[in-house]
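Subject: Structure for your review

Dear colleague,

Please find below the structure that I am handing over to you. The findings follow directly after it.

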Amino acid sequence: MRGFVARTWPFARWPILLGIGFAIGFVLPYTLVLDHRVKTRVTEIDFSQPTRVYARPQLLEAGVPMNKATLELELQMAGYTEAAHVAQVPGTWSADGDTFTIASRGYMDPVGGELPRRVRVTLAAGRIASVFDLTANKPLHKTHLDPARIATMYGAEQEERIVVQLAELPPLLVEGVQAVEDRDFKNNHGIDFSSIARAALADLRAGRKVQGASTITQQLVRNLFLDRNKTLVRKFNEALLSILLDAHYSKGQILDAYCNEVFMGQQGGQAVHGFAAASWFYFGRPVQTLRPQEIALLVGMVQGPSYYDPRRYPERALARRDVALDAFHTTGLLNDAQWKAARAAPLDVTPKPQLVVDRFPAFMDVVRKQLQQDFSEQQLRSGGLKVYTTLDPAAQVYAEQALDDTLHGLGKRGNGLEGAVVVVDPGDGDVLAMVGGRESDTHGFNRAYDARRPVGSSLKPFYYLMALADPSRWNVASLLDDSPVALKLPNGKLWTPQNDDHKSHGEVPMVVALAKSYNLASVHLGLQLGVNRVAAFLRSFGLTDVEANPSILLGAVDMSPFQLAQLYEFIADDGHALPLLTLRGVLDAKGHVIKQYAVRPGKGQYVQAVDLVRWMMQQVTEYGTAAAIGNSSLASLHVAGKTGTSTGQRDSWFSGFTGDRLAVAWMGRDDNKQTHLWGASGALKVWMNLFEKLPTAPLSTAPGPGIQYAWVDPATGQGSLPQCDGAQQYPFIDGYAPPVQNHCYLQRLENLFGGGGSASTQPAAGTQQQP
């Protein structure tokens, strides 16, 4: 042996010495560099998570306005799927007539949240009749559906990921991925030579690559450190990095990182990473709720998410799932009964991916603007925030449909027309829906928020309110002068406004002047109040571009639909000037509340005067310019509203509210040309199309505190006996009803001696019966 070494050493020493030198001079330093990279990269692992944006949760409580079509729409928008039989699995629903069975998923939001439960919801007469907790087997006062995801704010990587701890994953998934991908994971040191040998033999027999040999550690290394080039250098790096990773970190840490990083699919430019995100993407519910067959599908797809895509290639996916189930069974993770039941189950993936980039661009445009005031761009793109908004998905869909249907219904007259809609909950100022244009699903100019257009007669209720706030001088029966106006302006021009019918109507009651939207009567009232006072009152609502000139009395003020909704919220909510909100709150990636958006309303202002204006606006929809509502199936809602048309019919407006919903609709052209539409022939139709579908509570017709009804003679504005001809009941602030001056003596004598019947005491159309 010594002789052999002595003979070969002169020839072998240089290769050996070169090898040692190479190892010391390159491999060792290279290993140290990779080792530092491993320690640094894994220590700094902070998987980027996008910010997810959610709608508001749907309240399920007896008495809440609801119909079958809307509840189904709310469930669909929240990603629920209809069960073949009675709903059992979280994220599913079923219906038997007007009775729904819903298996909710539960959620957490800035004000609390809900636990998962099965509930039975019964509908009747346009409302929720009852809610029953099937999980606890008892009636339930109220609950909420988990909110629909409406948008996602991705970082540069465009990665969809939900980071979870290993302990939060189902044990079957954690053990199952090892059974399928790396059975010797707990014992190997990053690479598995026996698996490499088995794979090489299988490939040799098949004449092609048929079996992989990568360990879970190697797969993680590829995802974290390497590109996809299949070269010898990359293979060497992969093996060395895997050994180093295994040496520095526990199996639990490696598996934890793997389960959050593994690639699981793609939708457009968004890549789905990790089992938690994949669970929502394919099944529409949390990974903790998955059944064995669903876990097996996810585990099986690791080998090739695109090739085994269950939506595109269900047969491939089913076969691969069954391979994973067989591995679960072979390794004892499933018993015979569980294995057979799982193999017999269908794939049950949701028809559409539960991955939303930007469903409602106009609404999200405002959300982003409000968020950017409190959070950096980096936080919004990769901070894993959960943003909870005020959006009502059904209201949004119905608003989009209403505008679209109205535009199409106009035929050729609709060409070139645009529109916008804002829907608000007047009780808290929450914006429920926002449509920025006829192309509502695309980004572009947000007419609901950014377009400033003259609002026409939409402003009249606000200076009528000013008058009624002085009950010693004005009331709803006060006679207003509807005679022609000729006013010389400071610039020397003569201002001569006209009524829309180009007629003068003499003296008319205030309520009639507003209901019929008489311009001349309104101008006379505004001039008596003082243009400067009217302008100052409008500025008190935060409006800045309000000039004190007479034209503001006919709406020569540019506002967006959002601003006008803000203004009308004051009347709809009993004199509370609440700011309109699109945000409810924000949670960080760990579920901690970091921001809440809420408004605490103070004491209402001009409450009785607001009540009177609301009553007058109800007459607008009963016999005034918006009488189409009173003559339709919406009459029972007792809507309060006001039409508006700008000079030259360039803008058509309608603002109206029910007991719990306020909506402002606008129609016009971007080039500011004439639309040939009035408020009643354009925007009002949008509003009506919306509320024909949207569940809502009627507006009360009962007088509020401090309001009394009295009989008056509309022709004189004086108090009257109820039996007098033409007498009508009007509301007044307590103590300010006009004294009875019309005793109709002549009429009573004629009735007495002429044998005539008594005069009707029923109020005329558009008046209020005293309750």
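Ala448 is buried, with a relative accessible area of 0%. In this predicted model, the residue sits in the loop between strand 18 (430–435) and strand 19 (453–454). Which residues does Ala448 touch, not counting residues up to four places away in sequence? They are Ala420, Val421, Val422, Met434, Val435, Gly436, Ser560, Pro561 and Phe562. Of these contacts, Val422 is 26 residues from Ala448 in sequence, and the two C-alpha atoms are 6.7 Å apart in space.

Ala317 lies in helix 10. Leaving aside neighbours within four places in sequence, Ala317 is in contact with Leu297, Tyr308, Asp309, Pro310 and Leu347.

The axes of helix 9 (residues 292–301) and helix 10 (residues 314–330) come within 8 Å and cross at roughly 105°. At that angle, helix 9 is roughly perpendicular to helix 10, because angles of 65 to 115 degrees are counted in that class. On the side of helix 9, the contact is made by Pro292, Gln293, Ile295, Ala296, Leu297, Val299 and Gly300. Helix 10 contributes Ala317, Arg320, Arg321, Ala324, Leu325 and Phe328.

Another helix pair is formed by helix 15 (residues 460–468) and helix 19 (residues 561–572), whose axes come within 11 Å and cross at roughly 40°. That angle makes helix 15 oblique to helix 19. The contact involves Pro461, Phe462 and Leu465 of helix 15, together with Leu567, Tyr568, Phe570 and Ile571 of helix 19. The crossing of helix 15 past helix 19 is left-handed.

Helix 7 (residues 251–261) is mostly covered, with 8 of its 11 residues buried. The buried residues of helix 7 are Ile254, Leu255, Asp256, Ala257, Tyr258, Cys259, Asn260 and Glu261. Among them, Cys259 has a relative accessible area of 3%, and this places the residue under the 20% limit for a buried residue.

The cysteines deserve a separate paragraph. How many disulfides does the structure hold? It holds 1 disulfide, and this link is formed by Cys724 and Cys744, whose sulfur atoms are 2.0 Å apart. The link of Cys724 and Cys744 is left-handed, with -75° about the S-S bond. Cys724 lies in the loop between strand 31 (718–720) and strand 32 (728–733), while Cys744 lies in the loop between strand 33 (740–742) and helix 23 (745–754), so the pair ties together parts that are 20 residues apart in sequence. Are these two cysteines buried or exposed? Cys724 is buried, with a relative accessible area of 1%, and Cys744 is buried, with a value of 11%.

Two residues have a backbone feature to report. Ala125 has a positive phi of about 55° although it is not a glycine. Ala125 is located in the loop between strand 8 (118–124) and strand 9 (127–133), and at 82% relative accessibility this alanine counts as exposed. Tyr606 likewise is not a glycine and has a positive phi, of about 50°. Tyr606 belongs to the loop between strand 26 (593–596) and helix 20 (607–622). With a relative accessible area of 41%, Tyr606 is partly exposed.

Turning to the chain as a whole, there are 23 helices and 33 strands. Of its 771 residues, 54% count as buried. Among contacts between residues at least 6 apart in sequence, 68% join residues at least 24 apart.

Finally, a word on confidence. The chain averages a pLDDT of 88, and 86% of the residues score at least 70. Over residues 756–771, however, the pLDDT is below 50, and this stretch has 40 contacts in the model beyond near neighbours in sequence. Where pLDDT is low, the predicted coordinates should not be read in detail.

With kind regards

Methods: Residues are numbered from 1 along each chain as its sequence is written. This is a predicted model: local features need pLDDT of at least 70, side-chain atom pairs count only at pLDDT 80 or more; totals for chains, interfaces and linings use all residues. Side-chain values use heavy atoms; hydrogens and water are left out. pLDDT is the predictor's confidence in each residue, from 0 to 100. Contact means heavy atoms within 4.5 Å. A disulfide is a pair of cysteine sulfur atoms within 2.5 Å. Helices (H or I, at least four residues) and strands (E, at least two) are DSSP runs, numbered from the N terminus. Buried means under 20% relative accessible area, exposed over 50%, partly exposed in between (1.4 Å probe, protein chains only). Axes are lines fitted to C-alpha atoms, for helices over the stretch in contact, and angles run from 0 to 180 degrees between N-to-C directions. Angles under 35 degrees count as roughly parallel, over 145 as roughly antiparallel, 65 to 115 as roughly perpendicular and the rest as oblique. A crossing is left-handed if the near helix is turned anticlockwise from the far one by less than a right angle, and right-handed if clockwise.
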